[in-house]
Amino acid sequence: MRITFWGAVRTVTGSMHELEVDGRRYLLDCGLYQGRRQEARERNLKLPVEARTVDAVVLSHAHIDHSGNLPSLVRNGFEGPIYATHATVDLCRAMLRDSAHIHEKDAEYLNKRARRRRAVLGEEVSGEVEPLYTLEEVERTLPLFSAVGYRAPLEIGEGLSCEAYDAGHLLGSTALVFRRRRNPGELRLAFSGDVGRPGLPILRDPQPLPPVDYLILESTYGDHLHKHEEVVLAKLERIVNRTAGRGGKLIVPAFAVGRTQQLVLLLHQLAESRRIPDIPVFVDSPLAVDVTEIYRRHTECFDEETNRYLWDGADPFGFRRLRYVREAGESKALNDLRGPFVVISASGMCEVGRILHHLKNGIEDPRNTVLITGFQAQNTLGRKLVDRLPQVPIFGEPMRLRAEVETLNELSAHADQAELLRWIRPMTPSLKRIFLVHGETLQAQALAARIREVYGIETTIPDRGDGFKLS
Ligand SMILES: [Zn+2]
């Protein structure tokens, strides 16, 4: 058995690892690399493996940095199965189509800009930018998905099985255990995917894994400790009340997949227990609307608390004052609506999408609040809001930031250092080595040091392209 690390090494995006067993080749995840535009484009276009020689892909979960480059793999000749849980398959259908749409729009924009420049500067025409992949390529990818259940070992190759455990990170998310039969016994490799946290809204807690020989472990928050969920609920309550008291709008940029559904459930809880006033809440994002429908269908992934809503005949993702907005016209109408109300919209880092219109309309009014709910990468509009720059550009126009800005980073769906250390404990008696991926170097180093200190296990932070023989 041999493992080679191709993505999400010393960074958090582009998850992709290659597993070779008996001359057969498997990819664990095939994620989109996100970063500076040109570098990301090249990385995503040029696959590090010969797509035709890959026998199967096993997907840990649907997030785009784990699934988003599958259409490129298919365009390059991959024809094998893509194993994923039922919920992951459904989420990927919505997310990959949305992703293709974004890439097509992106290419269109770049080409239009280049044409304008050429017209003004009289430059030579030099080829059109192609989208990273198209909707048509996504449609060719989707039939390759093969849905698997949790805790149902699946033979993915001669003498190699794979079993999915609930990772508690996103609807349908998994940690995977691979078992290679040999005489005597077996060789066991676990891949954590992204590890969630106990007590997250909607999802079950991450399941413990059995003892294994090797572990590939994420390290996003390898040097960080999160706050408790009750703190989050109380903070959200205060922010809604303060904004409503001023008659303002609470504008919430949020990732359409996962974060939006968490927020809706928390607002549902607050509204139900009358901890916030009876004001309208809008979810304004077509992708979020589609994804919420998928959440509703996959009750098999819910935790007990969320299931209780169903037993009571209630809808966890709907309450009296909540409205889902799909049509663009309805979204625009929100611009003229007077506060107080809450609007949740994508994208999460305020780079694209309808949230830009809500921000343009709202950030110059001090009665309003912008609530940031996730990590904001450098150079994004979201980061500029978090940094409270007095003036920020929206659609190329400078706007004065006079609204209040609040952050709710505690909703993270990634385990922190202590939670990761606790989660790996059941595996440790037999562990020979841990590989740390999906974390920036400092986070990974801090976690590696703690693992050595607490468990005395050899821990490696691989570089891109590093390969290791496992025996
Ligand atoms: Zn994830």
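Helix H7 contributes the most to the lining of the second largest pocket, giving three residues. Keep in mind as you look around that this is a predicted model.

**How H6 and H7 pack**
- Helix H6 covers residues 229-245 and helix H7 covers residues 259-272; they pack at an angle of about 70°, and their axes are 11 Å apart.
- Angles of 65 to 115 degrees count as roughly perpendicular, and H6 and H7 are therefore roughly perpendicular to each other.
- On the H6 side, the contact is made by Glu229, Val232, Leu233, Leu236, Glu237 and Val240.
- On the H7 side, Leu266, Leu267, Gln269 and Leu270 make the contact.
- Seven of the residues in the contact of H6 with H7 are nonpolar, two are charged and one is polar.

**An aromatic pair across the chain**
- Searching the whole structure turns up six aromatic pairs.
- One of them joins Phe282 and Phe341 in an edge-to-face arrangement, with 5.6 Å centre to centre and 90° between the planes.
- This pair links distant parts of the chain, since Phe282 sits in strand E13 (residues 281-284) and Phe341 in strand E15 (residues 341-345), 59 residues apart.

**Backbone spots to look at**
- Going from Gly339 to Pro340, you will find a cis peptide bond with omega near 0°.
- Pro340 belongs to the loop between helix H10 (328-333) and E15.
- The peptide bond from Ala346 to Ser347 is also cis, and here omega is near 10°.
- Ser347 is found in the loop between E15 and helix H11 (355-362).
- Ala8 is not a glycine, yet its phi is positive, at about 55°.
- You can find Ala8 in the loop that runs between strand E1 (2-7) and strand E2 (16-21).

How values were computed: Residues numbered from 1 in each chain as written. Predicted model: local features only at pLDDT ≥ 70, side-chain atom pairs only at ≥ 80, totals over all residues. Heavy atoms only, no water. Axes fitted to C-alpha atoms, helices over the stretch in contact; angles between N-to-C directions. Helix = DSSP H or I, 4+ residues; strand = E, 2+ residues; numbered from the N terminus. Parallel < 35°, antiparallel > 145°, perpendicular 65-115°, else oblique. Contact = heavy atoms within 4.5 Å. Nonpolar A, V, L, I, M, F, W, Y, C, P; charged D, E, K, R; others polar. Phe/Tyr/Trp six-rings, centres within 6.5 Å; stacked < 30°, edge-to-face > 60°.
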